[in-house]
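Trainee: Hi! Could you walk me through this model while I have it open?

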Amino acid sequence: MQHIPPTSLPSLPPRLSYTLSFLDFCPDIDGPAINASASLLGPLIPTVLDLVYTKLLSYDITAKAFVPPLEPAESTPSKPQTPQELHLHHAHILRQKTFLKAYLLRIAKNEDWSPQSPLWGYMDRVAVAHTGVHRQKKPDLRVEFMHLALLLGFVEDVLLGAVLGAEQLDAEAKSKVLRAWNKVLWVQNDLFARHYVVDRETGERPAGMEVTKDSSQKLKAWGIQVFVTLLVVALVVRVLGYLG
């Protein structure tokens with residue numbers, strides 16, 4: 001039985017070693033299977049991107065992530081101000097498509113699949129980017145974990161359909177490709193969780209849960225309101241006690 005110290009898991013290298021081991025990710029089998037899918041997925045990427053962003057733009061709660069917050073003095077001619085303005089050919093969506101395309105190709109063409117591979121650090125930075133904590137001098141822009149997890153599920157379903165429909169692959173090859181991608185996407189899901197979810201066993205507070213500047217101001221205002229309310233209640237109680 002392997003011993004996994006819970007206190008080691010917030011750190012990326014031991015977390016990856018445990019995650020890859022638990023998922024039975026085999027660099028010599030799963031890595032080449034993903035590499036073999038690059039030539040298959042390459043021509044399909046435009047279709048995959050359209051399917052993904054059509055889905056994301058189908059709900060205001062996910063589409064609003066693509067409406068960039070604006071600084072007070074910032075000009076807005078080319079920037080959407082509401083989710084309803086967005087469509088597949090909008091400049092901001094085209095830009096996001098390039099990111100997802102680069103992400104898929106980065107994984108498909110990766111050569112080092114060891115726990116020390118730079119790929120996992122790249123995927124971890126993808127997770128951090130969605131928390132908004134890196135935007136210290138910019139307005140808040142954050143995507144919640146629930147939507148990220150659902151998106152990964154949808155992406156996997158799209159990949160599953162693409163691979164199963166590939167006539168150039170036999171059943172064994174399809175199985176290897178799908179199992180390998182499934183493992184990698186679950187690694188990405190855990191890396192998202194690393195920056196969003198509190199580990200109750202260790203008490204580790206992810207960086208993605210840090211209070212941002214805007215939310216800090218809201219929290220402060222709420223605290224003042226609570227304090228004033230409690231003060232008024234205390235005064236009323238004292239007056240009623242005096243009158244009684």
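Trainee: Let me start with one spot: which residues does Ala-63 touch, not counting residues up to four places away in sequence?

Mentor: Ala-63 touches Leu-56, Leu-57, Pro-83 and Leu-86, where contact means heavy atoms within 4.5 Å. Before we go on, this is a predicted model, so local features need pLDDT of at least 70 and side-chain atom pairs count only at pLDDT 80 or more, while totals for chains, interfaces and linings use all residues. Residues are numbered from 1 along each chain as its sequence is written, and side-chain values use heavy atoms, with hydrogens and water left out.

Trainee: Thanks! Is Ala-63 buried or exposed?

Mentor: Ala-63 is buried, with a relative accessible area of 2%. Buried means under 20% relative accessible area, exposed over 50% and partly exposed in between, using a 1.4 Å probe and protein chains only. Ala-63 lies in helix H5, residues 60-63. Its C-alpha atom is separated by 8.9 Å from that of Tyr-53, 10 residues apart along the chain.

Trainee: Zooming out, how many helices and strands are there?

Mentor: The secondary structure comes to 10 helices and 0 strands. Those are DSSP runs numbered from the N terminus: helices are H or I with at least four residues, strands are E with at least two. Of the 244 residues, 34% count as buried.

Trainee: And what share of the contacts between residues at least 6 apart in sequence join residues at least 24 apart?

Mentor: That share is 64%.

Trainee: Now helix packing. At what angle do H4 and H8 pack?

Mentor: H4 (residues 45-56) and H8 (residues 145-164) pack at about 145°, with their axes 10 Å apart. Axes are lines fitted to C-alpha atoms, for helices over the stretch in contact, and angles run from 0 to 180 degrees between N-to-C directions.

Trainee: Who makes that contact?

Mentor: From H4, Val-48, Leu-51, Val-52, Lys-55 and Leu-56; from H8, Leu-151, Phe-154, Val-155 and Val-158. Val-155 is buried, with a relative accessible area of 7%. The C-alpha atoms of Val-155 and Val-48 are 8.1 Å apart, although the two are 107 residues apart along the chain.

Trainee: What about H6: where do its buried residues fall, seen down the axis?

Mentor: The buried residues of H6 are His-92, Ile-93, Lys-97, Leu-100, Tyr-103, Leu-104, Ile-107 and Ala-108. They fall within an arc of 145°, so they line one face of the helix. The arc is that of the directions from the helix axis to the C-beta atoms. What covers these residues includes H2 (30-36), H3 (38-41), H4, H7 (118-129) and H9 (171-196).

Trainee: How far apart are the end C-alpha atoms of H6?

Mentor: They are 26 Å apart, which agrees with the 26 Å that its 18 residues should span at 1.5 Å a residue. The expected span is 1.5 Å times one less than the number of residues.

Trainee: And what do the buried residues of H7 pack against?

Mentor: They pack against H1, H6 and H9. Trp-120, Tyr-122 and Asp-124 are among the buried residues of H7. H7 has 12 residues and reaches 17 Å from its first C-alpha to its last, close to the 16 Å expected.

Trainee: Last one: what is the phi of Asp-24?

Mentor: Asp-24 has a positive phi of about 55° although it is not a glycine. Most residues other than glycine have a negative phi. Asp-24 lies in the loop between H1 (12-22) and H2, and Asp-24 is exposed, with a relative accessible area of 58%.
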